[in-house]
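Trainee: I am new to reading structures like this one. Could we go through some features one by one?
Mentor: Gladly. Have the sequence and the model side by side.

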Amino acid sequence: MVDSGRGWLTVVAAFLSSAVTLGTAYSFGAFFESMSDEFGSERGATAVIFGLTTCLFFVLSLITGRLMDRFGPRLVLAIGAVSLFVGLMLTSRVDSLGPGYITYGFGVGIAAACGYVPMVAMVGGWFLRQRAFAVGVAVAGIGVGTLVMSPLSAALIDRYGWRDTYVILAIAGTAVLLACMPLAAAPPGDGSPQPSRFSDAVHSRVFRRLHLSSFFLGLALFVPFVFVGQYAKDEGVGSVQAAVLVSVLGGASVLSRLGFGALDRRFGSFRLYRTCYLIHGVSFVVWLVAGSSYALMVLFVLVLGVGYGGFVALGPIVVADRMGVAGLGSILGILYTAPGIGALIGAPTAGWLIDRTDGYTWAIVGCIVACAVSVVLLVGLPTTVDGRLERSANAKG
């Protein structure tokens with residue numbers, strides 16, 4: 001039954017699974033220097049690990065979202081638990097960067113694809129009146145995971161080294177995912193598998209614009225997850241204090257996810273969603289002028305976290321408003337291929353620019369340009385008077 005107490009158990013499962021999987025992926029910046037130094041690799045080459053992981057996470061959501069629609073969330077969570085454990089354990093034993101692309105990229109990428117998009121789609125199907133708030137709480141897990149795991153990883157690396165830290169994360173993360181399985185349940189319905197909506201999404205002009213816009217946002221959005229900590233260290237900040245920047249980003253995104261979810265009814269999901277894109281661009285301007293000021297670095301990640309949290313919380317609502325909730329897992333799977341491909345291109349390209357120019361300026365300028373394009377692509381889409389995307393004629397559910 002929608003809007004029931006059982007639905008809130010699925011929110012807990014989605015919160016925890018996204019916290020573990022995305023928190024692990026987004027803590028990579030804490031490992032960046034240790035792995036780069038041990039393997040003697042350039043920034044661009046090391047950043048490929050994060051870019052590949054994020055790309056696989058988003059692209060494979062096409063498959064895991066559909067698996068959720070057909071077989072329910074428990075199988076998906078089981079796959080994610082196995083992938084996280086195997087991927088991190090193997091990564092802790094690699095002797096060069098190349099195998100790490102495979103072990104970490106596929107291991108954590110598959111786990112994240114299982115732990116986020118399918119679980120958010122599951123929550124969306126359990127709620128009607130409280131959908132925006134429930135999804136906001138569920139996706140806040142990403143922010144909490146980022147808030148906790150980046151400084152925790154940095155502290156563990158300082159004490160045990162990066163290899164043993166991956167072993168610790170493998171065991172703890174897998175245990176949490178397995179504990180989520182009894183809490184998760186397929187949304188109420190007639191018991192038949194959810195329909196595939198790939199064709200509806202691909203043939204929608206509005207959806208294609210949303211997709212392209214999120215690609216350009218992805219070019220910029222994930223660069224700080226890899227490089228803001230390294231930037232701070234290059235400016236003389238300590239390793240744990242530098243890792244706290246990503247933690248602050250995660251904390252700000254938690255409040256943003258909950259806040260934007262609560263504001264949805266008052267201001268409209270798409271109006272707020274478009275505002276979040278604009279906030280991303282403003283944040284990178286702050287980074288551009290931050291210099292060695294730690295206060296401005298903190299301001300940058302705070303503002304970025306607000307925009308990022310709103311983007312994550314409102315994306316499923318915007319798509320559901322336009323396309324309906326039937327087969328939402330497959331639709332979100334398509335949508336999230338865009339920022340995934342953006343991450344694969346953006347973070348390594350930023351690393352290449354940093355290596356070649358011996359500075360961060362041009363990488364940050366590129367992020368500002370990408371954000372500007374993403375905002376322009378959202379202008380002119382059909383909206384209702386209350387700030388939502390108009391419902392499509394072929395919307396279902």
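Trainee: Which helix holds Gln-230?
Mentor: First, a caution: this is a predicted model. Gln-230 lies in helix H12, residues 223-234.

Trainee: Is Gln-230 buried or exposed?
Mentor: Look at the relative accessible area. Under 20% counts as buried. Gln-230 has 8%, so Gln-230 is buried.

Trainee: Which residues is Gln-230 in contact with?
Mentor: Leave aside neighbours within four places in sequence. Then Gln-230 is in contact with Phe-32, Glu-33, Arg-43 and Tyr-360.

Trainee: Now Ala-372. Where is it found?
Mentor: Ala-372 is in helix H18, residues 361-376. Ala-372 is partly exposed, with a relative accessible area of 43%.

Trainee: How many residues apart along the chain are Ala-372 and Phe-216?
Mentor: They are 156 residues apart along the chain, yet their C-alpha atoms are separated by 8.6 Å.

Trainee: Let us turn to helix pairs. At roughly what angle do the axes of H1 and H3 cross?
Mentor: Read the distance and the angle together. The axes of H1 (residues 5-26) and H3 (residues 43-59) come within 10 Å and cross at roughly 150°. Angles over 145 degrees count as roughly antiparallel. So H1 is roughly antiparallel to H3.

Trainee: Which residues of H1 and H3 meet?
Mentor: Leu-22, Ala-25 and Tyr-26 of H1 meet Phe-50, Thr-53 and Phe-57 of H3. By class, this contact of H1 with H3 has five nonpolar residues, one polar and no charged.

Trainee: And H2 with H9: at roughly what angle do their axes cross?
Mentor: H2 (residues 28-39) and H9 (residues 162-180) have axes that cross at roughly 140° and come within 10 Å. That makes H2 oblique to H9. H2 brings Phe-28, Phe-31, Ser-34, Met-35, Glu-38 and Phe-39 to the contact, and H9 brings Trp-162, Arg-163, Thr-165, Tyr-166 and Leu-169. By class, the contact of H2 with H9 has seven nonpolar, two polar and two charged residues.

Trainee: One more pair. How do the axes of H11 and H14 cross?
Mentor: The axes of H11 (residues 205-221) and H14 (residues 269-290) come within 11 Å and cross at roughly 25°. That makes H11 roughly parallel to H14. H11 passes H14 in a left-handed crossing. Residues making the contact include Leu-210 and Leu-217 of H11, and Phe-270 and Tyr-273 of H14. By class, the contact of H11 with H14 has eight nonpolar, three polar and no charged residues.

Trainee: How do I read the core?
Mentor: In soluble globular proteins, nonpolar side chains tend to be buried together. Here the largest nonpolar core has 123 residues. Those with the most contacts inside this core are Tyr-26, Tyr-116, Leu-210 and Trp-287. Helix H15 (residues 294-323) gives the most to this core, with 14 residues.

Trainee: Which residues does Leu-210 touch?
Mentor: Do not count residues up to four places away in sequence. Leu-210 then touches Phe-270, Tyr-273, Val-318, Leu-335, Leu-378, Leu-381 and Leu-389.

Methods. Residues are numbered from 1 along each chain as its sequence is written. This is a predicted model: local features need pLDDT of at least 70, side-chain atom pairs count only at pLDDT 80 or more; totals for chains, interfaces and linings use all residues. Side-chain values use heavy atoms; hydrogens and water are left out. Axes are lines fitted to C-alpha atoms, for helices over the stretch in contact, and angles run from 0 to 180 degrees between N-to-C directions. Helices (H or I, at least four residues) and strands (E, at least two) are DSSP runs, numbered from the N terminus. Angles under 35 degrees count as roughly parallel, over 145 as roughly antiparallel, 65 to 115 as roughly perpendicular and the rest as oblique. A crossing is left-handed if the near helix is turned anticlockwise from the far one by less than a right angle, and right-handed if clockwise. Contact means heavy atoms within 4.5 Å. Ala, Val, Leu, Ile, Met, Phe, Trp, Tyr, Cys and Pro count as nonpolar, Asp, Glu, Lys and Arg as charged, and the others, Gly among them, as polar. Buried means under 20% relative accessible area, exposed over 50%, partly exposed in between (1.4 Å probe, protein chains only). A nonpolar core is a set of buried Ala, Val, Leu, Ile, Met, Phe, Trp, Tyr and Cys residues joined through side-chain atoms within 4.5 Å.
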